[in-house]
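Good morning, colleagues. Please have the sequence and the coordinates open while I speak.

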Amino acid sequence: MSGDRLDGLSVRDVRVSFDGFTAVDGVSLEVPAGDIRFLIGPNGAGKTTLVDAITGLVRATGSVRFGADELLGRPVHRISRLGIGRTFQTSSVFEELSVLQNLDIAAGARRGWATLARRRRGVPDEVAAALETIGLAERAEHLAGTLAHGQKQWLEIGMLLVQDARLLLLDEPVAGMSHEERDATGALLETVSRDRTVVVIEHDMDFLRRFARSVTVLHAGRVLSEGTVAQVQADPRVQEVYLGHPVDAGSAPTGLEA
Amino acid sequence: MTAVTPAPPSTAVDPAPVSAVPPSRPGGRPRLRTAAGFAFGAALLFAVAPLVLSDFRLSLLAKYLCVAMVAVGIGIAWGRGGMLTLGQGVFFGLGGYAMAMHLKLADAGPAGMPDFMQLYGQLDELPLWWRPFASPWFALPATVLLPMAVAFGLGSLVFRRRVRGAYFAILSQALAAAMVILLIGQQGTTGGTNGLTDIKGFFGYDLDDPVNQRMVYFIIAGTLLALLALARQLIHSRYGELLVAVRDGEERVRFLGYDPASVKLVAYVVAAGMAGLAGALFVPAVGIISPALIGIVPSIEFVIGVAVGGRATLLGPVLGAVAVAWARTALSERFPGTWTYLQGLLFVVVVAFLPGGLASLWALARRRDGSAAPARRGWSPLARRRAARRTEVPAA
């Protein structure tokens, strides 16, 4: 199914408030189909909350369209079935299940009860393909809880692939990874973006410079700047937020200036 | 169904050479072992027990096996699904009362009324809601379907509102309390505190006859084996894997496109049906159903047996339930009054030191052997610790 349709994400004037505190304050952004868009910004800028709003975890006003489908107002599992997949800052694979079982479950949201009542036999094609893509074919029968940190993150991405997500929202996918693991993850993102749209929340600026195709900078719930890596780096407002902010002054090794 | 990325030649993700995915199930041998296990269980229940045990002990075992049926259901709902069902007495009671009502009506004959109604009912005729139970074609399916329907109604309300954990446990327990109060309050039509007692016949067979008691025992043993087979299929099916995923990451499952409420609902309804069937068979085995047998205390006792045996395993709940029920009889024969304390102590010890129950000792021993397969379905203290460390999906 993936590959048939390559859709872009269109966020219009999205607002999220918790008890009077406005976490996302009128964000609009367009992520064209097949992009690898990085969302960056200081802590509390509203990056994760924006993803929460897109995936239905928090209530929001405004409009979020993926392709032709309006996402806001739908329950989480319905949004997921429209082809939107996400990962979380903390790994959330099912540790008591094997890698294979994790992927099989991710692949199965459209299965009927008759299939569910039967035992899994063999490995579905899309699961086998994903195992190869994320490089965990060797560990298919291992419990997900025994994987290394980086491998868990790849399993998460693999779950999005078999889930047939056409929009991947990744929340800090390389946090805590070694250099080699980061490189591998970046290569993986480039591979999957061939027929998918990818949005990445990331603090790692080196990773961003290498793999971002476009960048949106959020600050205090608003879009501060948008463009290519070079454009964003050159934006004086971005430099001010990262370097001139009184709180962050001297303690913001963002690498943006490099 | 889905064609994923036309497998990239090399994404350099893992330096290790990628080999073919091993088959998920090595084939016929586990199936053979299962068949052998069932044959062994059947031999034990159908040949050894009737030979070794006196009629009295055999009828006690019949009673324990009914408790074990409830335990199989709790193992699915709680062990695999994470729903701590502290009110299974409700479903056990619904099944038990449905069966007892039918048997009382059958005892009374076509025109008669159950004895207790004439004693303190001041009723001239059978209450309307009793009437359908005169027919076995209604009463027998009702013993299973009625509890399932109640569980369905309750579960649909509760799971969609994301009531879980301790709140769900308290709610289910409150339901057990409410049911008991209702039964006691309606003495004229339910028998009140006494319940429905003095049941003499079972579809034409005299229950005082030891031969017929033995037959009831065989029916119960057979039903338990059938429920175990059903539970096994459920646990090993894709649904069973999904249920564990919902237990360990309900929010995560939602983001994969499932509605966890319906996944949990199925397990809850199945567990209720098993408890109902157990209640229905309990009645001919013991000859009575009463509020004291289905209230809060028996509901908790059902859970204790499951916890002791090992909630996430197939056989753990059954063995635990039988062991605890047997210990209860044995110990209260010798030291009446101390059993309640012992039972409480047992529960605390198991929860604190052996959360996987006695079954996890077996798993631990096998792991020490080094023969354990890498992917294990069991529930062990080690795995549990890992699960506890796993952080929840951030809610908002």
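I shall describe a sheet in chain A and then a surface patch in chain B.

This is a predicted model, in which local features need pLDDT of at least 70 and side-chain atom pairs pLDDT 80 or more, while totals for chains, interfaces and linings use all residues. Residues are numbered from 1 along each chain as written, chains are lettered from A and ligands numbered from 1 in written order, and side-chain values use heavy atoms, without hydrogens or water.

In chain A, six strands form an open sheet with mixed pairing, in the order β6-β7-β8-β3-β9-β10. Strands are DSSP runs of E with at least two residues, helices runs of H or I with at least four, numbered from the N terminus; two strands pair if DSSP finds at least two bridges between them. At the edges stand β6 (84-86) and β10 (222-227) of chain A, each with a single partner strand, so one side of each lacks a neighbour in the sheet.

Within the sheet, β3 (residues 36-40) and β8 (residues 197-201) of chain A are parallel partners over four bridges. A:R37 has A:V199 in β8(A) as its bridge partner.

Helix α6 (residues 149-162) of chain A packs on this sheet, touching β6 and β7 (167-171) of chain A, where contact means heavy atoms within 4.5 Å.

Turning to chain B, B:F40 belongs to helix α1 (residues 28-52). Because its relative accessibility is 56%, B:F40 counts as exposed, a class that begins over 50%, with buried under 20% and partly exposed in between (1.4 Å probe, protein chains only).

Terms used
Patches are made of residues with over 30% relative accessible area and no salt bridge: like charges are joined within 9 Å, nonpolar side chains (Val, Leu, Ile, Met, Phe, Trp, Tyr) within 5 Å. Accessible areas come from the Shrake-Rupley method with a 1.4 Å probe; for residues, only the protein chains shown count as cover. A salt bridge is a side-chain nitrogen of Lys or Arg within 4 Å of a carboxyl oxygen of Asp or Glu. Axes are lines fitted to C-alpha atoms, for helices over the stretch in contact, and angles run from 0 to 180 degrees between N-to-C directions.
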